[in-house]
Amino acid sequence: SLQRHFFPLGNYFTMSAASIPRVPESILKKRRTAEKIAAERAVKAVEAKKAKKANRREVFKRAESYVKEYRRTERDLIRVKRQARKAGNFYCPPEAKVAILVRIKGINAVAPKVRKVLQLFRLLQINNAVFVKLNKATINMIRIIEPYIAWGYPNLKTVRDLCYKRGYGKVNKNRIALSDNSVIEKSLGDIGVICIEDVIHEVFTAGENFKKVTNFLWPFKLNNPTGGWKKKTNHFTEGGDYGNREQYINKLVQSMT
């Protein structure tokens with residue numbers, strides 16, 4: 001007959017403290033470091049969220065104030081025109097402060113001086129567009145390159161459409177889309193420009209930071225206009241394309257965006 005032997009369970013399951021495997025010190029250090037980094041990240045994330053919320057409020061306030069300013073300017077213009085008409089006079093609007101230049105011709109047979117001026121305006125490709133502040137020097141430069149560009153005076157809608165639809169910034173010499181206000185704030189935050197509405201306001205009103213803002217903006221790359229060009233070798237006043245078309249540039253640019 002088979003004999004059954006029973007042994008106390010303790011003999012099998014008791015282990016001495018020396019036989020428990022120890023966690024290496026290097027792994028413990030890594031764990032502690034990882035926990036510390038995770039805690040710091042969590043704190044930073046909370047702070048960033050608060051800052052973003054406050055920043056969003058500031059952006060909305062600014063956008064609201066700009067809209068009020070634009071509407072007030074528009075109403076003032078209408079009022080002054082009515083007063084002049086009532087008195088039997090004509091209202092002469094002030095000279096434009098800002099122009100938009102659009103390159104319409106290529107590189108064939110371009111004179112050295114013309115090429116240099118186009119380069120200074122950053123109009124390196126056909127259908128490139130830039131904003132320029134008008135003064136005696138820039139008007140003389142525009143006259144030199146006039147047969148190669150279409151230019152005029154942009155309205156608020158043109159500036160806004162270009163910045164929102166075709167806006168790219170120069171960040172570390174790279175062309176970065178203006179899809180987030182943080183891109184603008186990192187590059188222009190030191191001059192108080194933190195959002196796309198600030199950029200539009202500076203450009204449209206030719207503000208004190210116009211040069212820095214336009215240097216930050218990459219030249220706009222536009223399409224050919226809907227329906228094509230008429231005749232690039234003729235001036236706009238002769239039924240062509242090049243030269244100053246004043247407020248009619250807005251229709252052209254909007255057909256190119």
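## Pockets, a cavity and ring contacts

Let us start with the largest pocket, which has a volume of about 1,300 Å³. This is a predicted model, in which local features need pLDDT of at least 70 and side-chain atom pairs count only at pLDDT 80 or more, while totals for chains, interfaces and linings use all residues. Residues are numbered from 1 along each chain as its sequence is written, and side-chain values use heavy atoms, with hydrogens and water left out.

The search runs on a 1 Å grid over the protein atoms alone: a pocket is an open set of points with protein on both sides within 12 Å along at least five of seven lines, a cavity is a set of points where a 1.4 Å probe fits but cannot get out, and lining residues have an atom within 4 Å of a point. Points are joined across faces, edges and corners, and a volume is the space filled by probe spheres set on them.

Back at the largest pocket, 29 residues form the lining, and Leu77, Pro93, Pro94, Ala96 and Phe204 are the closest to the centre. The largest share, 10 residues, comes from α2. By class, the lining has 16 nonpolar, five polar and eight charged residues, where Ala, Val, Leu, Ile, Met, Phe, Trp, Tyr, Cys and Pro count as nonpolar, Asp, Glu, Lys and Arg as charged, and the others, Gly among them, as polar.

Rings of Phe, Tyr and Trp (its six-membered ring) pair if their centres lie within 6.5 Å; planes under 30 degrees apart are stacked, over 60 edge-to-face and the rest tilted. Tyr70 and Phe204 make an edge-to-face pair, at 5.7 Å centre to centre and 85° between the planes. This pair links distant parts of the chain, with Tyr70 in helix α2 and Phe204 in helix α7, 134 residues apart. Tyr70 is buried at 10% relative accessibility, whereas Phe204 is partly exposed at 31% (buried means under 20% relative accessible area, exposed over 50%, partly exposed in between, with a 1.4 Å probe and protein chains only).

Trp151 and Tyr153 have ring centres 6.1 Å apart and planes at 85°, so they too form an edge-to-face pair. Here Trp151 is buried at 8%, while Tyr153 is partly exposed at 28%.

Charges meet rings as well: Arg175 lies over the face of Tyr168, 3.6 Å from the ring centre, and Lys105 lies over that of Tyr148 at 5.4 Å. Such a contact needs NZ of Lys or CZ of Arg within 6 Å of the ring centre and within 35 degrees of the ring normal.

Now move to the second largest pocket, with a volume of about 350 Å³. Of its 15 lining residues, Phe131, Val132, Lys211, Thr214 and Asn215 lie nearest the centre. At least two lining residues come from each of β2 (128-133), α4 (136-145) and α8 (210-216).

Phe131 and Thr214 turn up again in the lining of the largest cavity, along with others including Arg122, Trp218 and Phe220. This cavity holds about 50 Å³ of space, and β2 gives the most to its lining, with three residues.

Technical notes:
Helix = DSSP H or I, 4+ residues; strand = E, 2+ residues; numbered from the N terminus.
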